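I opened this model to look up its aromatic rings. My notes follow the display.

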Amino acid sequence: MELKIIKTKKQYQACLDWIDKKFDTKVKINTADGEKVQVGLLLVKQYEDANYPVPLPNAIDAIKLKMLDMGLK
């Protein structure tokens, strides 16, 4: 697979499919294929950060949830 900046949903899905196949073959990280997979993961992360942003939680809600988890009032 030719690795390049992901600009479309189709390219994004193709890259995810390629990475999934590489994981199935248990590619070693120190090999040329392993390096390509790492670059592919960086490209996927960049695309996801740009197109699927995760909003920051409300601070008060986060504190309340943590207190609930810890059994505090």
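Entry one. I am working with a predicted model. I looked up the aromatic pairs, and the count is three. One of them joins Y12 and Y47, and I logged this pair as stacked. Its ring centres lie 4.7 Å apart, with 25° between the planes. Stacked requires planes under 30 degrees apart.

Entry two. Y12 belongs to helix α1, residues 9-24. Y47 belongs to helix α2, residues 32-51. The pair therefore ties together parts that are 35 residues apart in sequence.

Entry three. I followed Y47 to another partner. Y47 and Y52 pair edge-to-face, at 6.3 Å centre to centre and 70° between the planes. I note that Y12, Y47 and Y52 form one aromatic cluster.

For Y47 I have a relative accessible area of 7%. Buried means under 20%, so Y47 qualifies. Y52 is partly exposed, at 40%.

I listed the contacts of Y47, leaving aside neighbours within four places in sequence. They are I6, K7, T8, K9, Y12 and Y52.

Entry six. I looked up the largest nonpolar core, which has nine residues. Y12 and Y47 are among them, along with I6, C15, W18, I19, V37, L43 and V44. Helices α1 and α2 are the elements that give two or more residues to this core.

Terms used. Residues numbered from 1 in each chain as written. Predicted model: local features only at pLDDT ≥ 70, side-chain atom pairs only at ≥ 80, totals over all residues. Heavy atoms only, no water. Phe/Tyr/Trp six-rings, centres within 6.5 Å; stacked < 30°, edge-to-face > 60°. Helix = DSSP H or I, 4+ residues; strand = E, 2+ residues; numbered from the N terminus. Buried < 20%, exposed > 50% of the residue type's maximum accessible area, 1.4 Å probe, protein only. Core = buried A, V, L, I, M, F, W, Y, C linked by side-chain atoms within 4.5 Å. Contact = heavy atoms within 4.5 Å.
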